[in-house]
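Open the structure in your viewer and colour it by chain. This tour goes from one selection to the next and says what is there.

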Amino acid sequence: MKPYLGCLATAVLAGSLLTVAGAEITGKVKLKGTPKPEVPIPLDVTCGAMHSGPITTRFYVVGADNGLGNVFVYIKSGAAKTPPTGEAPMLDQAGCLYEPYVMGIVTDQKLKIRNSDALMHNIHATPKNPLNKEFNFAQPIKGQVSEKSFPAPEVLVRMKCDVHPWMFAYIGVCDHPYFAVTDKDGNYKISNVPAGKYTVEAFHLKAGAKTADISVGADDKKTADFELEVPAAP
Amino acid sequence: MIRSTENRWLHRFAILTALATLFLICLGGLVTSKGVGMSVPDWPTTYGYSMFFFPFSKWVGGIFYEHSHRLVASMVGFLTVALAVWLWLQEPRRWLRWLGIVAVFGVVLQGVLGGLRVAWMKDELGIFHAALAQLFFVLVCAIALFTSRWWASAPKVPIRDGSGPRYMYQAVTAMIFLQLILGATMRHQHAGLAISDFPLAHGKIWPALDPDSIARYNQKRLETTALNPITAFQVGLQMAHRLAALLLVAGIIWQARLTIRHLGWSHPVARLSIAWVGLILGQAVLGAATIWTNKAADIATAHVAVGALSLLAGAMLVLVARRCFETSPVEAVAAAGARGRNEPANRPAQLPA
């Protein structure tokens with residue numbers, strides 16, 4: 001009987017370990033101050049025909065309760081290097097715009113880049129970390145998908161299309177999967193975080209960055225809110 | 001083979017090559033101003049095609065400008081080779097024949113620099129590409145001047161202490177070239193306007209350059225194209241460009257004053273030096289307009305083109321002064337001056353068209 005009990009106990013322990021998803025860090029990033037209005041983008045005729053109205057820059061996406069979208073929130077320090085899991089994230093080129101505007105991937109994770117337009121785009125990555133190689137290639141065919149990756153962490157790597165100079169987007173590259181991008185109302189959720197002490201940073205292209213130190217235990221649900229400010233005049 | 005210094009068609013062909021080069025500089029300026037230099041990722045091919053057979057239907061967006069720039073550059077290359085061959089066959093002056101060969105090396109080097117800038121993805125090469133373009137333009141224009149009928153029979157101009165204006169032309173022309181390198185360095189950082197206001201700089205006479213202020217400058221601007229972040233170096237560079245512009249305006253007005261004092265208002269050299277003043281004043285206005293229009297591509301390109309013409313005017317004055325100015329005793333100058341006042345026919349030289 002005893003050996004069966006031992007096996008059962010081991011199985012229960014292993015099962016419980018597998019089902020432990022880790023901690024969850026959630027929060028909201030708010031914007032203090034009123035940003036300048038976004039600037040209309042002068043699309044060319046072909047790309048302009050793909051949109052029913054004018055297109056503007058996407059620096060300040062401010063939603064309900066001053067929530068700020070497109071903020072890259074990530075564990076800046078304290079997290080162990082963790083290999084990527086799950087599906088490769090996708091950067092799409094649709095209507096001569098990149099979607100999403102801000103996204104995250106793990107180092108060495110495959111990034112899918114798709115051209116959803118029936119015209120030529122070139123994809124030009126301009127990383128600053130010397131370990132990440134600059135690349136520039138063309139996608140002339142609608143539906144074409146290419147895969148690329150970045151070996152070193154970098155927040156944020158800019159992607160651009162030189163054929164359509166108004167097309168640019170940003171990718172946060174971390175050596176772990178503990179990051180998120182705020183939605184249009186400024187909310188974010190980082191899941192499966194192992195127990196530990198971390199520094200979390202909320203980084204926005206124009207409103208700057210703020211950090212918070214946070215400790216989480218297994219299964220904890222912690223909140224970390226941030227308030228970023230519209231930059232004052234120099 | 002008959003060689004003659006008088007070959008009207010060769011001279012006209014040199015002028016054609018110079019005009020094509022100016023057009024090429026304008027196209028190159030447009031490519032950089034629009035930020036589309038990397039829209040064709042490969043070189044010497046264009047998206048895998050031989051550049052001469054790249055289908056017109058694919059000339060979309062920024063590709064149109066970059067590919068046109070490559071084609072016009074090829075045309076200038078062919079014109080330069082033809083010019084060199086023509087010079088080699090028909091030009092009696094050996095040094096001028098070799099100048100044609102130098103031009104061929106120049107245009108090949110320029111093409112390779114432009115190509116490597118794309119293939120190696122090195123912004124820095126763009127600075128050398130832009131600077132060499134200016135030198136090549138001056139070289140081709142100089143060949144046009146040397147092949148003109150006027151150059152062969154240029155009359156000497158008696159001038160008291162001709163070294164004064166001569167040194168002034170040389171100094172100011174060298175300064176213009178340095179200023180063009182400054183401008184090319186600013187443009188090829190692909191960071192847009194490091195200072196977005198004028199005549200103030202970020203609201204001050206001298207902008208703050210500490211890291212916090214630089215971060216705020218970057219945060220404040222809402223760029224519609226993928227510009228690199230500005231740095232303290234770039235802000236300093238634009239301030240240096242502004243100060244150099246002031247010095248240049250003063251220097252060119254001063255050279256005109258000096259030239260007029262020596263030659264009077266109606267002398268062709270004086271007219272050229274006055275035209276130089278007009279060019280530099282226009283260039284200053286275009287520089288300010290580049291900032292006021294947030295670096296509108298057409299204005300920024302016009303700024304590049306007039307910069308090239310300003311350098312050319314200076315270089316031509318250097319060459320003409322070297323050819324014509326002859327330091328003479330006071331009496332000879334006085335006599336020439338008296339003749340000049342009494343006789344409208346006293347025109348020391350007709351400058352080439």
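Start with both chains and select the residues that touch across the boundary: 26 residues of chain B are in contact with 32 residues of chain A. Keep in mind that this is a predicted model. The size of an interface is often given as the accessible area lost when the parts come together. Between chain B and chain A the buried area is about 2,600 Å², and carbon and sulfur atoms give 63% of that area.

Next, select Glu223(B) and Lys206(A). These two form a salt bridge, with their closest N and O atoms 2.9 Å apart. Across the interface of chain B and chain A, the rule finds 1 salt bridge. It also finds 11 residue pairs in polar contact across the interface of chain B and chain A.

Now hide chain A and look at the side of chain B that touches it. Which elements give two or more residues to this side? They are helix H2 (61–90) and helix H7 (211–220) of chain B. H7(B) supplies the largest share, 5 residues. By residue type, the side of chain B that touches chain A divides into 11 nonpolar, 9 polar and 6 charged residues.

Bring chain A back for the next stops. Over all chains, the structure holds 11 salt bridges. For one of them, select Arg58(A) and Glu99(A), whose side chains meet at 3.1 Å, N to O. Arg58(A) sits in the loop between helix H2 (45–48) and strand S2 (72–77) of chain A, while Glu99(A) is in strand S4 (residues 97–99) of chain A. The two are 41 residues apart, and the pair links distant parts of the chain. Glu99(A) has a relative accessibility of 39%, so it counts as partly exposed.

Move on to Glu201(A) and Lys76(A), another salt bridge, at 3.0 Å from N to O. Glu201(A) lies in strand S14 (residues 196–204) of chain A and Lys76(A) in strand S2 of chain A, so this pair ties together parts that are 125 residues apart in sequence. Is Glu201(A) buried or exposed? At 7% relative accessibility, Glu201(A) counts as buried. Lys76(A), with a relative accessible area of 47%, is partly exposed.

For the last stop, go to chain B and select Arg93(B) and Glu91(B). They form a salt bridge, with the closest N and O atoms 2.7 Å apart. Arg93(B) counts as buried, at 16% relative accessibility. Glu91(B) is also buried, with a relative accessible area of 1%.

Methods. Residues numbered from 1 in each chain as written. Chains lettered and ligands numbered in written order. Predicted model: local features only at pLDDT ≥ 70, side-chain atom pairs only at ≥ 80, totals over all residues. Heavy atoms only, no water. Contact = heavy atoms within 4.5 Å. Buried area = accessible area lost by both parts, 1.4 Å probe. Salt bridge = Lys/Arg side-chain N within 4 Å of Asp/Glu carboxyl O. Polar contact = N/O pair within 3.5 Å; in protein donor to acceptor, adjacent residues only side chain to side chain. Helix = DSSP H or I, 4+ residues; strand = E, 2+ residues; numbered from the N terminus. Nonpolar A, V, L, I, M, F, W, Y, C, P; charged D, E, K, R; others polar. Buried < 20%, exposed > 50% of the residue type's maximum accessible area, 1.4 Å probe, protein only.
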